[in-house]
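This briefing concerns the salt bridges of one protein structure. Please keep the sequence and the model in view while reading.

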Amino acid sequence: MSRIGKKPIDIKDVKVSQNGNTIKVTGKLGELETTVHPNISVKIEDGNVVFERPNDERQNKALHGLSRALLQNMVDGVTNGFTKSLDIVGVGYRAEQKGESILLNIGYSHPIYFMPPAGIKLEVPAPTQIKISGIDKELVGMVAAKIRSFRKPEPYKGKGIKYSNEVIVRKAGKTAGK
């Protein structure tokens with residue numbers, strides 16, 4: 001039995017409704033919806049959501065834990081939300097808030113304007129920091145990865161856009177001749 005899949009999800013602060021394979025979670029921050037694979041059965045009973053699988057086939061075992069984790073992330077998202085933080089490292093590299101979007105000057109000959117998708121909020125608390133927040137964990141992670149992909153950190157000087165908790169492993173540069 002999947003250790004993650006067999007744990008019940010506590011739904012005391014949110015409203016969960018099921019319509020066939022579609023599950024909708026509504027909380028104080030918003031509303032999220034997902035579709036569960038037909039092999040996985042979902043039961044909403046006395047303040048908990050429980051997932052069950054029909055047998056121990058490899059695919060069903062994988063879907064069991066996945067379905068439970070996705071719904072848990074939805075419940076966490078509509079109650080607390082998710083945040084990712086990015087740091088910009090490099091001389092002259094900076095970000096600037098322009099309404100909903102941000103303007104990035106990261107060493108290219110042109111500035112980069114990034115408009116976030118619906119449901120994502122971008123903040124620039126300092127010129128070298130970007131905070132991405134939203135209720136959908138997957139979307140927050142995708143936006144953070146997209147912004148990071150504009151200028152990934154390089155291993156020699158560490159210049160680029162990195163996650164705040166990311167450690168850049170530095171390489172030694174060329175050594176001088178003897």
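Lys162 and Asp87 are both buried, where buried means under 20% relative accessible area, exposed over 50%, and partly exposed in between (1.4 Å probe, protein chains only). The model is predicted, so local features need pLDDT of at least 70, side-chain atom pairs count only at pLDDT 80 or more, and totals for chains, interfaces and linings use all residues. Residues are numbered from 1 along each chain as its sequence is written, and side-chain values use heavy atoms, with hydrogens and water left out.

**The buried pair**
- The side chains of Lys162 and Asp87 form a salt bridge at 4.0 Å, N to O; the term denotes a side-chain nitrogen of Lys or Arg within 4 Å of a carboxyl oxygen of Asp or Glu.
- This pair links distant parts of the chain, 75 residues apart: Lys162 belongs to strand β13 (residues 160-163) and Asp87 to strand β7 (residues 82-89).
- Helices (H or I, at least four residues) and strands (E, at least two) are DSSP runs, numbered from the N terminus.

**A helix and a later segment**
- Arg148 and Glu166 meet through their side chains in a salt bridge of 2.7 Å, N to O.
- Arg148 lies in helix α2 (residues 137-149) and Glu166 in the segment after β13, so their pairing ties together parts 18 residues apart in sequence.
- Arg148 is buried at 17% relative accessibility, whereas Glu166 is partly exposed at 22%.

**The wider set**
- Glu96 and Lys98 form a salt bridge of 3.2 Å, N to O, between their side chains.
- Glu96 is partly exposed at 34% relative accessible area, and Lys98 is partly exposed at 39%.
- Across the whole structure, the search finds nine salt bridges.
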